[in-house]
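Thanks for passing this one along. Here are my notes, jotted down as I went through the model.

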Amino acid sequence: MDAPAFSMPGVRPTAPAPAAQASAPADDGARSVAQVLAQTQVEQVLAELDHDLVGLGPVKARIRDIAALLVIDRLRANLGLASQAPSLHMSFTGHPGTGKTTVALRMAQILHRLGQVRQGHLVAVTRDDLVGQYIGHTAPKTREVLKRAMGGVLFIDEAYYLYRPENERDYGQEAIEILLQVMENQRADLVVILAGYHERMATFFQSNPGLSSRIAHHLDFPDYQVDELQAISQSMLTQQNYRFSEAAAAAFRQYLERRLQQPHFANARSVRNALDRARLRQASRLFAERGRELDRDALCTLEAQDILASRVFRAGQPSAAPL
Ligand SMILES: Nc1ncnc2c1ncn2[C@@H]1O[C@H](COP(=O)(O)OP(=O)(O)OP(=O)(O)O)[C@@H](O)[C@H]1O
Ligand SMILES: [Mg+2]
């Protein structure tokens, strides 16, 4: 499947999946979980989620639970049992780089395959996309974003910026009210995911009980352990056709242990950035060897020196920018 390369804010439509219907479909004949799974091919997305993303055990378990609920709902609907559109709005809390945006993209696919949203695209926004600067600008902005997101998932990053209690006449409140209405009335056509850091999100929900009560699923993204970060680095390198030499792998582990102690550590995002810089150093190193014939191995291998040249290893610069 597509690598979830993704820049924000923006719209990124995902490829249409087969057999997806928006509103509760008529009896499609499925009577067993296996039949629904075969019809929707949702198992495949769940397997990819498991395989592509390192760690995140609790998050993956919650997603399986949600998928199970939706599969059973579908079987119930097939037998004509009363069912209301399940509330699927969610909050994703966690530190930077813990995989929130990546998982939201997968979630959109799962919801699409299970027929909960018509298109399964994800529209990622922040406050500035929803809230205007002047009176009368917010409602049209918010409605425009909602229109784009209809039939998919609206992902609001750092959602707490919508609410600024210090500013009595803040237009964010207007956006929240419109959102609330749509979250309640158009549940069958739009899933909203509010994302951000735990503590701020908790305060935000306390101040906005209306929003909080409409969120059915709270998913908490833990920080990664060093082993997980190392595994993430391996998986990122494999995707890009690179590899660590044995010494480079050991050096990268040391890098992680040091980098974790420093400010602005951003989990998997920091891993990605560190690898980008290591590739840059590898390129400079190879560039300097003008006459050398470079075989696949040379072009694909990051050596220890490509890691150890990082500023993280320089003594006496604990708080320097981690280059
Ligand atoms: N568990 C994981 N396994 C492999 N790669 C991961 C994992 N989690 C995150 N990544 C990668 O790390 C990068 C950052 O992830 P992502 O953007 O999803 O994090 P985020 O929680 O949304 O961060 P932010 O709060 O900074 O927006 C992405 O390139 C993503 O592919
Ligand atoms: Mg993100």
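1. Ground rules. This is a predicted model, with local features needing pLDDT of at least 70 and side-chain atom pairs counted only at pLDDT 80 or more, while totals for chains, interfaces and linings use all residues. Residues are numbered from 1 along each chain as its sequence is written, and chains are lettered from A and ligands numbered from 1 in the order in which they are written. Helices (H or I, at least four residues) and strands (E, at least two) are DSSP runs, numbered from the N terminus.

2. Ligand shell. There are 19 residues around ligand 1, and Gly 99, Lys 100, Thr 101, Thr 102 and Ala 268 come nearest (a residue is near if its C-beta atom, placed from the backbone, lies within 6 Å of the molecule). Two or more residues each are given to the shell by α4 (100-113), α10 (226-239) and α12 (267-287). By class, you get 8 nonpolar, 8 polar and 3 charged residues; here Ala, Val, Leu, Ile, Met, Phe, Trp, Tyr, Cys and Pro count as nonpolar, Asp, Glu, Lys and Arg as charged, and the others, Gly among them, as polar.

3. Strand β2. How many residues of β2 (residues 90-94) are buried? The count is 5 of the 5, so this strand is largely enclosed by the rest of the structure. Buried means that 20 or more other C-beta atoms lie within 10 Å of the residue's own, exposed means 12 or fewer, and partly exposed is in between, with C-beta atoms placed from the backbone. In a regular strand, side chains alternate between the two faces of the sheet. On one side of β2 sit Met 90, Phe 92 and Gly 94, on the other Ser 91 and Thr 93, and they are all buried.

4. Partners of β2. Strands pair if DSSP finds at least two bridges between them. β2 pairs in the parallel sense with β5 (residues 191-196) over 4 bridges, and Phe 92 has Ala 195 as its bridge partner there. A further 5 bridges join β2 to β6 (residues 217-221), also running parallel, with Gly 94 partnered by Phe 221.

5. Strand β3. Both faces of β3 (residues 122-125) are covered too, with Leu 122 and Ala 124 buried on one side and Val 123 and Val 125 buried on the other. It runs parallel to β4 (residues 153-156), joined by 4 bridges, and Val 123 stands opposite Leu 154.

6. Helix packing. The axes of α10 and α12 are 10 Å apart, at an angle of about 50 degrees (axes are lines fitted to C-alpha atoms, for helices over the stretch in contact, and angles run from 0 to 180 degrees between N-to-C directions). That makes the two oblique to each other: angles under 35 degrees count as roughly parallel, over 145 as roughly antiparallel, 65 to 115 as roughly perpendicular and the rest as oblique. α10 and α11 (residues 246-260) cross at roughly 125 degrees, their axes coming within 10 Å, and are therefore oblique as well.

7. Positive phi. Most residues other than glycine have a negative phi. Leu 56, in the loop between α2 (42-52) and α3 (57-78), has phi near 60 degrees, and counts as buried because it has 22 C-beta neighbours inside 10 Å. Asn 241, in the loop between α10 and β7 (243-244), has phi near 65 degrees, but counts as exposed with 9 C-beta neighbours inside 10 Å.
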